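User: I would like to learn how to read a few features of a protein model. Please take them one at a time.

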Amino acid sequence: MTPTTATMAALAVLAATAVPAATAPAPPPTQPRATHCPASASPQPRPAAARGTTGHQGTPMSYPQPARTRLRALAALLRASPCDTAAGPYDLVHYRQWNNPTRYGAAVREVVRWRGDDRSGGQLATQHPASVVPVTHDWWRPGDLYHVGPIAPFTRTDMLRQDLGINELPPADPTAVLANLANLSTWYSPRRDSRAAALTVLADLSPLTYYPRAVDRSGRPGIAIAATSGGRRALLVLHPHTGEVLAYESAHLGPFGWRVQTYLLYLAHSHATHRWWEPAAHPRPAPPPRPLYPQPQQHWLLTTPLPCYTTTTQGATP
């Protein structure tokens, strides 16, 4: 059968528009290393209403791969972050959170948080729609943050596995594990070795999916780790060289694709020497005066003698 002119023309169009088989892209290229920590030592949350909200479509992903080998390789070659050398007893975390639907009356929140190993801390926060108070101020004394979790969960893998829910019976769902890590990342600023330990723990968790390229809502390139379960997807965007958590997304599958319920954008992970407010250092009080004790005194107490009373019959009537 001889092809007609119309058929030949259609085949020519298909040949001209054919796309060659795609290959998985490499991770984001190496960026120049920063020599100083870009995070401010005293950050302030900006008004959340100024940025409004953003779309609810999930982060587009492609080229999925098994995550175990990739995470182990990243943990072995992990670089230090410029903020790892920042001094101070407080972990400093600055993040922005979108909620759909709103949570506790807030569609967008921006939070600056301080946390110390003595379970003290502080927090400044704004939200949209704005509340009666433009910026809420919180300050916690030592011991007040007992509910946050272990003092240093990233320093021991067994403690980290417990706090992520992996050691529970039954073990936590992988989407819940990523959500727990995202929550820890709103309180802690783990340094290089601690981040490598977290990556190793995630590498042993299955099934996780690795995506070689992802972009967070601020435009920062990274890699992504995802877990899906029951129509829900949890997604972590990590820095491709330091392993820092850049973003977290929780989405559910709808008729038009993934729809975001919660999105966390981590603007800074660093360390600080002080919180937004510190109590005044009172001068050392003066020592109390020496106690006084009664001492015996050799004094005689002299009193006027009382008159002597005697009976008499003088002048009495017989």
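**Reading the features**

Analyst: Start with Trp140, which is buried because its relative accessible area is 19%; buried means under 20%, exposed over 50% and partly exposed in between, with a 1.4 Å probe and protein chains only. This is a predicted model, in which local features need pLDDT of at least 70 and side-chain atom pairs pLDDT 80 or more, while totals for chains, interfaces and linings use all residues. Residues are numbered from 1 along each chain as its sequence is written, and side-chain values use heavy atoms, without hydrogens and water.

User: Which residue forms an aromatic pair with Trp140?

Analyst: Rings of Phe, Tyr and Trp (its six-membered ring) pair if their centres lie within 6.5 Å; planes under 30 degrees apart are stacked, over 60 edge-to-face, the rest tilted. Trp140 pairs with Trp187 in a tilted arrangement, 6.0 Å centre to centre with 55° between the planes. Trp187 is buried too, at 10% relative accessible area.

User: Where is the disulfide?

Analyst: A disulfide is a pair of cysteine sulfur atoms within 2.5 Å. Here Cys37 and Cys83 form one, with their sulfur atoms 1.9 Å apart. The torsion about the S-S bond is about 80°, so this disulfide is right-handed. Cys83 is buried, at 6% relative accessibility.

User: What does the charged end of Arg217 sit over?

Analyst: A charge sits over a ring if NZ of Lys or CZ of Arg is within 6 Å of the ring centre and within 35 degrees of the ring normal. Arg217 has its charged end over the ring of Trp98, 4.9 Å from the centre. Arg217 also lies over the face of Tyr263, 4.1 Å from that ring centre.
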